[in-house]
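I opened the notebook to record what I looked up in this structure. The sequence and the coordinates go in first, and the entries follow.

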Amino acid sequence: MNRSVKFKDLTRHKLVIAEIIYNNQNILRYMNYMTDDPLAKRTVNRQGKIVEQPDLNISFDDAHLYTRAFDENILSTSHCSLFIHLREGHLEARQSIGYITYEIDIVCPCEFQTLEGTRENRDDNIADEICGEIDGHMVTGVGDVEILDFNGGRLEKDYTYLTLFVRVKNFTVQDVKIP
């Protein structure tokens, strides 16, 4: 029996990208330490108190990384959230490789978007870390991953977002023999 495998790796791609993000300590720090210097081991918060910021050893769920579409009901102003989900695919039958595009939504509390002192944006720094880890790399086991585009803005009054559009090569073979 011949079988198409076009959708076989959809979840695996998301999980591989999520794992790479989860294993980046800088991303975890930007997402979870709501100070103006989240990469520092020790800093002063906006209330003038000294804050210890050790490396994070937290579960995937506690890291606020989600392999599903954006969900406003789980947002919190005490940390950033990141959602990885499918956007679209181009899977032509006459080619062996197609493309699947995923969205990575970085959602940040407005109050903590700008890092005081440097005037950098927390979500931009998270995006830069993600780009360094996956853009142009063969991380999914099939082909190169490429960040194609991005979009940003404000969600209601409490949050900003930065969405990365990530293209992953994918097999589109339709004539696989299944014993």
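Which residues is R46 in contact with, leaving aside its neighbours within four places in sequence? I found D36, E111, F112, T114 and E116. Contact here means heavy atoms within 4.5 Å.

**Entry: ground rules**

I noted that this is a predicted model, in which local features need pLDDT of at least 70, side-chain atom pairs count only at pLDDT 80 or more, and totals for chains, interfaces and linings use all residues. Residues are numbered from 1 along each chain as its sequence is written, and side-chain values use heavy atoms, with hydrogens and water left out.

**Entry: confidence**

I looked up pLDDT, the predictor's confidence in each residue, from 0 to 100. The chain has a mean pLDDT of 88, and 87% of its residues reach 70 or more. Where pLDDT is low, the predicted coordinates should not be read in detail.

**Entry: the whole chain**

I counted four helices and 11 strands in the chain. Helices (H or I, at least four residues) and strands (E, at least two) are DSSP runs, numbered from the N terminus. Of the 179 residues, 44% count as buried. Buried means under 20% relative accessible area, exposed means over 50%, and partly exposed lies in between (1.4 Å probe, protein chains only). Among contacts between residues at least 6 apart in sequence, 62% join residues at least 24 apart.

**Entry: R46**

I went back to R46 and placed it in the loop between β2 and β3. R46 counts as partly exposed because its relative accessibility is 33%. Its side chain reaches the backbone oxygen of E111 at 2.6 Å. A polar atom of the R46 side chain also lies 3.0 Å from the backbone oxygen of T114. I list these as polar contacts: pairs of N or O atoms within 3.5 Å, where within protein one must be able to donate a hydrogen and the other to accept it, and residues adjacent in sequence count only if both atoms are side-chain atoms. R46 and E116 are 70 residues apart along the chain, yet their C-alpha atoms are separated by 9.2 Å.

**Entry: K49**

I checked K49, which is found in the loop between β2 (42–44) and β3 (50–52). Is K49 buried or exposed? K49 is exposed, because its relative accessible area is 56%. Leaving aside neighbours within four places in sequence, K49 is in contact with T43 and V44.

**Entry: helix α2**

I found α2 mostly covered, with six of its eight residues buried. These are I27, L28, R29, Y30, M31 and N32. They pack against α1, β4, β5, β7 (114–115) and α4 (122–134). At the N-terminal end, N24 caps α2, with a side-chain oxygen 2.9 Å from the backbone nitrogen of N26.

**Entry: R29**

I placed R29 in helix α2 (residues 25–32). R29 counts as buried because its relative accessibility is 2%. What does the side chain of R29 reach at 3.3 Å? It reaches the backbone oxygen of A40. A polar atom of the R29 side chain lies 2.7 Å from the backbone oxygen of Q53. Not counting residues up to four places away in sequence, R29 touches P38, L39, A40, K41, Q53, P54, D55 and L56.

**Entry: N32**

I looked at N32, which lies in helix α2. N32 counts as buried because its relative accessibility is 18%. A polar atom of its side chain lies 2.9 Å from the backbone oxygen of L28.

**Entry: strands**

I looked up which strands pair, meaning that DSSP finds at least two bridges between them. Strand β4 (residues 65–66) and strand β5 (residues 81–90) pair in the parallel sense over two bridges. L65 stands opposite L82 in β5. The pairing of β5 with strand β6 (residues 97–109) is antiparallel and runs over nine bridges. There, I84 stands opposite I104 in β6.
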